[in-house]
Amino acid sequence: MSAKLVASETFRKVAGHFASGVTVVTTRAAASDYGTTASSVASLSLTPPMMLVCLNKESITGQAVLRSGVYAVNVLSQGQAALAQAFAAKGGDKFDGVDYWHGHLGVPLLTGALAHIECRVTEKVSGGTHTVFLGEVQYAAAEEGSPLAYYRGGFGRFEFSRDDAVYHDIRQRILRRDYPPGQLLEVDDLARNLNAERAAVFYALTRLTGDALVDRDPDRGYVVVPVDVQASDEALEARCAIEIGVVDLTIGRATAAELTELRRRLERMTPFIAGDHFVDIASYLEANAAFHEYIVSLAHNQSLLTVYQRLSVKALIARALGSTPRTSFRAIELQTAFTEAYGNGQSEPAKNALRDYTEFAKQYTRRALRSAGGRV
């Protein structure tokens, strides 16, 4: 005797108690853009990197993915509920009034999303009313922020505020150099001194390890990463070498959409510097890192991008600068010179601008490190 299946409506209500992130899955087929809101999305494998998306067989976007063989997962931020609702609707031009660009695989990437993951379909499986697409990740990028959540039929936000507060507190203490280089950071000691939950401290240290401000020593535990002039110079020179190589590979080949996105990332830095002062150093460093990572991504080479990301230039510069308010608008001018030269297909001026900016960054971080005793 077979077991009786639960009613569809009952299952829908019960399954709604599982909180999930919200994404918009997009693709492009026959010169048209398609997109639909989806929460049935999951990372499937790290080696090779793979993503799983589940789309209704009647979905126009799902049918377009079948034809194109590519898709992107746009992970929405907590302020994009209206975007999620728009892409969940049937019919009409869902991209009307939406800010987006086309990524490396030609698929739409939504501006303001927390992450973009571009995939090539390697396998598809039928499951009831849906098609499950298994995609090998070709390109991926993420930015700071909080995700949009879906729970019991409505959009909202995950409550990360307490954990985030502990993370930002410890991060600021490291940048202020309250903790000397190489200092051991004990979870229990920090929890007691900061009057925080142990789990929140552990979350903060794990995240700071990803920021390359803290290292996980297998014998000692979490320690503050030391930075000196040699480490700073080598990281900045390595970044410059990679970016010059990207210029050689891509000059004159970037699409109009890629050049627009490069300019957009440049413009995001500008509000955080006023004259010779940082308005918001953390936001500037975040925008600066996104700009330079996008330069490397123009090569459409995931291995090269991975090598660049391992340099952890953003964390190194943040550690070197600490919380100093002083800077120079020259940084923006040099990066603007690169963007203009690259956009005009001028190889040597673009590479010279990268060299000049690297020398500027080296001298600036050297001064900051010298004022802090040479090692932080």
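A nonpolar core is a set of buried Ala, Val, Leu, Ile, Met, Phe, Trp, Tyr and Cys residues joined through side-chain atoms within 4.5 Å, where buried means under 20% relative accessible area with a 1.4 Å probe and protein chains only. The model on screen is predicted, so local features need pLDDT of at least 70 and side-chain atom pairs count only at pLDDT 80 or more, while totals for chains, interfaces and linings use all residues. Residues are numbered from 1 along each chain as its sequence is written, and side-chain values use heavy atoms, leaving out hydrogens and water.

**The largest core**

Select Ile170, Ile174, Leu185, Val201, Tyr284, Phe338 and Tyr342, which touch the most other members of the largest nonpolar core, a set of 78 residues. Helix H13 supplies the largest share of this core, nine residues; helices (H or I, at least four residues) and strands (E, at least two) are DSSP runs numbered from the N terminus. Centre the view on Leu185 next: residues up to four places away in sequence aside, Leu185 touches Ile174, Tyr179, Leu190, Leu205, Val214, Tyr222 and Val224, a contact being heavy atoms within 4.5 Å. Another core, of twelve residues, lies apart from the largest one, and among its members are Val25, Ala38, Val53 and Cys119.

**The three-stranded sheet**

Now colour strands E13, E15 and E14, which in that order form an open sheet with antiparallel pairing; two strands pair if DSSP finds at least two bridges between them. Strand E13 (184-185) and strand E14 (214-217) each have a single partner strand, so one side of each is left without a neighbour in the sheet. Two bridges join E13 to strand E15 (residues 221-224), and the bridge partner of Leu184 in E15 is Val223.

**The seven-stranded sheet**

Move to the open sheet of seven strands, ordered E3-E2-E6-E9-E10-E5-E4 with antiparallel pairing. Its edges are strand E3 (32-38) and strand E4 (41-46), each of which pairs on one side only, and neighbouring strands are turned by 30° against each other on average, direction ignored.

Within this sheet, follow these pairs in turn:

- Strand E6 (residues 70-75) is joined to strand E9 (residues 115-127) by six bridges, and Asn74 stands opposite His116 in E9.
- E9 and E10 pair over twelve bridges, with Tyr139 in E10 as the bridge partner of Glu118; their hairpin has two residues between the strands, and Gly128 there takes a positive phi near 60°.
- Strand E5 (residues 49-56) and strand E10 (residues 130-142) pair over seven bridges, and Leu52 stands opposite Leu134 in E10.

Finally, show helix H3 (residues 81-88), which lies across strand E2 (23-29) and E3, running at about 115° to E3.

**Two long-range selections: H7 and H13**

Which way do H7 and H13 run, parallel or antiparallel? Select helix H7 (residues 229-250) and helix H13 (residues 347-371), whose axes come within 10 Å and cross at roughly 170°; the two are therefore roughly antiparallel to each other, the term used for angles over 145 degrees. Among the residues making the contact are Leu236, Cys240 and Ile244 of H7, and Leu354, Tyr357 and Leu369 of H13. The residues of this contact divide into ten nonpolar, four polar and nine charged, where Ala, Val, Leu, Ile, Met, Phe, Trp, Tyr, Cys and Pro count as nonpolar, Asp, Glu, Lys and Arg as charged, and the others, Gly among them, as polar.

Notes:
Axes fitted to C-alpha atoms, helices over the stretch in contact; angles between N-to-C directions. Parallel < 35°, antiparallel > 145°, perpendicular 65-115°, else oblique. Buried < 20%, exposed > 50% of the residue type's maximum accessible area, 1.4 Å probe, protein only.
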